[in-house]
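Open the model in your viewer and keep the selection tool at hand. We will go from stop to stop, with a note on what to pick next and what is there.

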Amino acid sequence: MRRASPAGRPAAGGRPPRPRDAQPEQLGFEGMPERLFVCTPSRLGAYADCPRRYRYSYVDRPAPPKGPPWAHNSLGASVHTALKNWYALPADRRRPEVLPTLLKGTWVREGYRDDEQERDAYRRALGWLEAYVGGLDPADEPVGVERVVAVKTGVLAFNGRADRIDSRPGPSGPELVIVDYKTGRAGLDGDDARGSQALALYAYAAERVFRRPCRRVELHHLPSGTVAAHEHSVDSLARQVTRAEETARDIMAAERSVTDGADPDDAFPTAPGPRCAWCDYRRSCPAGAAAPGKEPWAAVERFTAPAADED
């Protein structure tokens, strides 16, 4: 029988014992690929809009406190969920008369100025939904509703939740279409659809998840009943993916610099501008705090005050 070695001494041919609190070493290997950057459209968008907002949202822990909830976010979430639940119904129950029940069941009350403004927003949202579903075929079954699609590139591990993914006839067979609902800014056009990185990444990922072409992206603006669309090419989708990868590299470089001791304010600078008025972290950011803020209900004021034009 082999005898145990005295404490602190290696057995014959063995290694010295490791202290109990020692951590195993991580071995580095030349040429190992860099870790992928896990991201969503909102994560990439936060950094593109303002690196400081990205830091407050995803880097600092604990994160700075946010301001009060926004009424326009509550309104948008309510409408999106009502449409999701519309498609969850059997086709023979997808009728306009069910919409009040669906909207009431999903209604988010936060951020409104008062009950009167909230009631008016509800009535208008219901009108949008009734007009919108009036143009839908209840028998149509989308490929996905609030569907998560994911894809990996050499830099990104991307995942995102598309509002709706339709299947429509194409020149060589069925093709997928990304549909994104909008309840905010009016006047959306083809340039908005073309320039949307989020829609392009959804299309890129959906094509790989479902193994069907996905080049068309659409913004469905419910308040105006308009659709802004764009037909991507393989090259234009690739350019949007490259842009996203460049943003991811910038984020990872900034995070590494903070880990190495850089000043977080330098690594994640502010991008002062009109968005500061709407930023959740305005009160925690010196640049944001210097800008006039918006009331939580300001973006829905145009529903009750025709002269208002804020998003």
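Buried stands for under 20% relative accessible area, exposed for over 50% and partly exposed for anything in between, with a 1.4 Å probe and protein chains only.

Before moving on, a word about the model. It is predicted, so local features need pLDDT of at least 70 and side-chain atom pairs count only at pLDDT 80 or more, while totals for chains, interfaces and linings use all residues. Residues are numbered from 1 along each chain as its sequence is written, and side-chain values use heavy atoms, with hydrogens and water left out.

**The whole chain**

Zoom out: the chain has 10 helices and 6 strands. These are DSSP runs numbered from the N terminus, with helices being H or I of at least four residues and strands E of at least two. Of the 311 residues in the chain, 38% are buried. Among contacts with a separation of 6 or more, 64% are between residues 24 or more positions apart.

**Helix 8**

Now select residues 234-259, which form helix 8. Its 26 residues reach 37 Å from first C-alpha to last, close to the expected 38 Å, where the expected span is 1.5 Å times one less than the number of residues. Colour its buried residues, including L237, Q240, V241, A244, A248, I251 and E255. An α-helix has 3.6 residues a turn, so residues three or four places apart point the same way. Just after helix 8, stop at G261, whose phi is positive at about 110 degrees.

**Helices 1 and 2**

Next, show helix 1 (residues 41-49) and helix 2 (residues 51-59), which pack at an angle of about 140 degrees with axes 5 Å apart. The axes are lines fitted to C-alpha atoms over the stretch in contact, and angles run from 0 to 180 degrees between N-to-C directions. That angle makes helix 1 oblique to helix 2, because under 35 degrees counts as roughly parallel, over 145 as roughly antiparallel, 65 to 115 as roughly perpendicular and the rest as oblique. Display S42, R43, G45, A46, Y47 and D49 of helix 1, which meet P51, R53, Y54 and Y58 of helix 2.

Continue to P62, in the loop between helix 2 and helix 3. The peptide bond joining R61 and P62 is cis, with omega about 0 degrees.

**A hairpin**

Select strand 2 (residues 144-152) and strand 3 (residues 156-170): they run antiparallel and are joined by 8 bridges, and two strands pair if DSSP finds at least two bridges between them. The hairpin connecting strand 2 to strand 3 goes through 3 residues. Look across from V151 to find F158 in strand 3.

Within strand 2, E146 has a positive phi of about 50 degrees although it is not a glycine. E146 is buried, at a relative accessible area of 19%.

**Last stop**

R211 counts as exposed at 75% relative accessibility.

Key. Contact = heavy atoms within 4.5 Å.
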